[in-house]
Amino acid sequence: MKKAEEFHRKTSNGHKNYALDLIEEVVPDAMLMDGHDNALIGYIDRFGSEPVACYDYNIVIKNLMNDFDDYEAAVEWYEYNMYGAWMGDGTPCFLMRPDT
């Protein structure tokens, strides 16, 4: 995981990542996931908790499909290594939404 201020400013396809700019301003110490800058959609803020980076689950799975043979293998890897990786209160969250 990288801190927001260490993260590059553009997604892998060269487009500006406005979510990163927002996170860097509001949550400069946010934990960010390597290789999923295109899935970064913003941050979550709750009463009594520090804000955390938020990633789009569907995009994360699509990214992982580049490394795995099938959907089930990508989801299994995500569930164990990302969703199940508690790194403290700043651990990123994942937005689950219907497929679009």
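This is a predicted model: local features need pLDDT of at least 70, side-chain atom pairs count only at pLDDT 80 or more; totals for chains, interfaces and linings use all residues.

How do the residues of the lining of the second largest pocket divide into nonpolar, polar and charged?

Let me start with the overall arrangement. The protein chain has three helices and five strands, and from the N terminus on they follow the order β-α-β-β-β-α-α-β. Of the 100 residues in the chain, 37% are buried. Among contacts with a separation of 6 or more, 44% are between residues 24 or more positions apart.

Now to the interior. In soluble globular proteins, nonpolar side chains tend to be buried together. Here, the largest nonpolar core comprises 20 residues, and Leu40, Tyr55, Val60, Tyr78 and Phe94 have the most contacts inside it. Two or more residues of this core come from each of α1 (18-26), β4 (52-56), α2 (57-64) and α3 (71-83). Setting aside neighbours within four places in sequence, Val60 is in contact with Met33, His36, Ala39, Tyr55, Tyr78, Met82 and Phe94. Of these partners, Tyr55, Tyr78 and Phe94 are also among the residues with the most contacts inside the core.

In α1, the buried residues include Ala19, Leu20 and Ile23. These residues lie on the same side of α1, because the arc they cover around the axis is only 100°. Tyr18 and Glu25, on the other side of α1, are exposed. Against what do the buried residues of α1 pack? Their partners are three strands, β2 (31-32), β3 (40-44) and β4.

In α3, Ala74, Val75, Tyr78 and Met82 are buried, and the cover over the buried residues of this helix includes α2 and β5. The loop between α2 and α3 holds Phe68. Leaving out residues up to four places away in sequence, Phe68 touches Ala73, Ala74 and Trp77.

The largest pocket contains about 350 Å³ of space. It is lined by 16 residues, of which Val52, Trp86, Thr91, Pro92 and Cys93 are the closest to its centre. Both α3 and β5 (93-95) give two or more residues to this lining. By class, the lining consists of nine nonpolar, three polar and four charged residues.

The second largest pocket has about 160 Å³ of space. Ten residues line this pocket, and Met33, Asp34, His36, Trp77 and Met82 are the closest to its centre. The largest share of its lining, three residues, belongs to α3. That brings me back to the opening question: the lining of the second largest pocket has six nonpolar, two polar and two charged residues.

Thank you for your attention.

Note on methods:
Residues are numbered from 1 along each chain as its sequence is written. Side-chain values use heavy atoms; hydrogens and water are left out. A nonpolar core is a set of buried Ala, Val, Leu, Ile, Met, Phe, Trp, Tyr and Cys residues joined through side-chain atoms within 4.5 Å. Buried means under 20% relative accessible area, exposed over 50%, partly exposed in between (1.4 Å probe, protein chains only). Helices (H or I, at least four residues) and strands (E, at least two) are DSSP runs, numbered from the N terminus. Contact means heavy atoms within 4.5 Å. On a 1 Å grid over the protein atoms alone, a cavity is a set of points where a 1.4 Å probe fits but cannot get out, and a pocket is an open set with protein on both sides within 12 Å along at least five of seven lines; lining residues have an atom within 4 Å of a point. Grid points are joined across faces, edges and corners, and a volume is the space filled by probe spheres set on the points. Ala, Val, Leu, Ile, Met, Phe, Trp, Tyr, Cys and Pro count as nonpolar, Asp, Glu, Lys and Arg as charged, and the others, Gly among them, as polar. The arc is that of the directions from the helix axis to the C-beta atoms.
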